[in-house]
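Here are a few exercises to work through with the model open beside you. Try each task before you read its solution.

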Amino acid sequence: MSESGRRPDSNDRSGADLAWSIVSYEIAGIVLYGGIGWGLDHWLGTSFLAPIGVIVGLVAGLYLSFVRINRS
Amino acid sequence: MSGQTVLLATESCHFETEPSCAFPAPDASLFEWAPLFTIPGINLEVTKPILMSWICAFLVIAFFWAAFRHPRIVPGRMQLVGEMAYGFVKDGISREILGKKGDRYVPLMVTLFFFVWFMNLMAFIPLAQFPVTSRIAFPAGLALVVWVVYMSVGFRRHGFIGYLKVLCWPSGVPGWVMVILVPLEFFSNIFIRPFTLAIRLFANMFAGHLLIATFSVAAWYLLAPNIGALFAAVSLVLAVVLTGFELLIQGLQAFIFTALTAVYLAGALEEAH
């Protein structure tokens, strides 16, 4: 939302911001949804929710990255 | 194994004199410092990196104090250098990313840039020869300062709910995906951002210092009156080349740290939509 340069003359900088925000989204996606899946696994005694959570987080992070790239 | 190599490193054995001597690869113990002295009363154990960070802070203050103590219309030599330093951050980072509305935050950015850069540069200074920022506490503390500043600026500008919306609400997305994306955006912007800001600076300086140390130790370890001398020479050259490369990285990392601070502030200051 905020990291892409809003000013038209800051294009060269916003490229780097965009790259770092993708890293940030991917880390956040994996940690957050992987963590939720892992917690549910512990709680419910299952073992398949953590990998599903990691994949959901990855996809969601990629999706958010694409949304941001399209907007900038 | 690593305990053994540490032992060997402290004993400084060389395979020429002791054929069983393993390569004493530098490891994380390179970054651990015993306290130099303890400040009584508050019981603060001062290590070499802490002392160097104080010296860096003093140098930044002294430099700008000397430059702008008696400001003149026609600047003297010191003021000219100070104005160039200030102008570099103002025009190269703040105006570029924030525009005119960022001018109030230029002092913060100038301080951050030069403090981080000086702490990185300590890797070069004889006797110091250690990048202060390769201890995670220093980048983490600075990232915390940046986090507090951009969060409070955002809350002041948009109100509590308003800024949370700016941080969490990705625009241009169909409604049903929001359930997944809003927590992700929140987590990414509030927790991962300061974390990556600190890690990026720390990891770059840590890795650079370790690399230079490894090639320097190798240059010593491989030195022998045979073909090893050639390898030692190559290691020495690489250590010098990497030191030059580090000079670039030190400035670049200080720049990136400051530029990302400006980007986060831009996010906090942007128009609501």
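**Exercise 1. A charged pair**

Task: Classify B:Asp103 as buried, partly exposed or exposed, then find which side chain it meets in a salt bridge.

Solution: Keep in mind that this is a predicted model.
- Start with accessibility. B:Asp103 has a relative accessible area of 25%.
- Now the partner. The side chain of B:Asp103 meets that of B:Arg95 in a salt bridge, at 2.7 Å from N to O.
- Check the partner the same way. B:Arg95 comes out at 24% relative accessibility, so it counts as partly exposed too.
- Finish with the tally: over all chains, the count is one salt bridge.

**Exercise 2. Where the chains meet**

Solution: Go from the totals down to the elements.
- Chain B puts in 35 residues and chain A puts in 27 residues.
- About 2500 Å² is buried between the two, and carbon and sulfur atoms give 63% of that area.
- Within chain B, the residues that lose the most area to chain A are B:Glu96, B:Leu184 and B:Phe187, together 21% of what that side buries.
- Next, the elements. On chain B, α3 (77–97), α6 (160–168), α7 (178–221) and α8 (228–269) each supply at least two residues of the side touching chain A. The most comes from α7(B), with 13 residues.
- Sorted by class, that side of chain B has 19 nonpolar, nine polar and seven charged residues.
- Last, the pairings. Between chain B and chain A there are zero salt bridges, while three residue pairs are in polar contact, both residues at pLDDT 80 or more.

**Exercise 3. The largest core**

Task: Which residues have the most contacts inside the largest nonpolar core, and which element gives the most to this core?

Solution: Take the core as a whole, then zoom in.
- The largest nonpolar core has 69 residues, and B:Ile93, B:Met109, B:Phe114 and B:Phe257 have the most contacts inside it.
- α8(B) gives the most to this core, with 12 residues.
- Now pick B:Ile93 and set aside its neighbours within four places in sequence: its contacts include B:Phe88, B:Leu98, B:Met109, B:Phe255 and B:Ala262.

**Exercise 4. The partner chain**

Task: Sum up chain A: how many helices and strands does it have, and what share of its residues is buried?

Solution: 
- Chain A has two helices and zero strands.
- Of its 72 residues, 40% count as buried.
- For contacts in chain A with a separation of 6 or more, residues 24 or more positions apart account for 57%.

Key: Residues are numbered from 1 along each chain as its sequence is written. Chains are lettered from A and ligands numbered from 1 in the order in which they are written. This is a predicted model: local features need pLDDT of at least 70, side-chain atom pairs count only at pLDDT 80 or more; totals for chains, interfaces and linings use all residues. Side-chain values use heavy atoms; hydrogens and water are left out. Contact means heavy atoms within 4.5 Å. Buried area is the accessible area (1.4 Å probe) that two parts lose on being put together, summed over both. A salt bridge is a side-chain nitrogen of Lys or Arg within 4 Å of a carboxyl oxygen of Asp or Glu. A polar contact is a pair of N or O atoms within 3.5 Å; within protein, one must be able to donate a hydrogen and the other to accept it, and residues adjacent in sequence count only if both atoms are side-chain atoms. Helices (H or I, at least four residues) and strands (E, at least two) are DSSP runs, numbered from the N terminus. Ala, Val, Leu, Ile, Met, Phe, Trp, Tyr, Cys and Pro count as nonpolar, Asp, Glu, Lys and Arg as charged, and the others, Gly among them, as polar. A nonpolar core is a set of buried Ala, Val, Leu, Ile, Met, Phe, Trp, Tyr and Cys residues joined through side-chain atoms within 4.5 Å. Buried means under 20% relative accessible area, exposed over 50%, partly exposed in between (1.4 Å probe, protein chains only).
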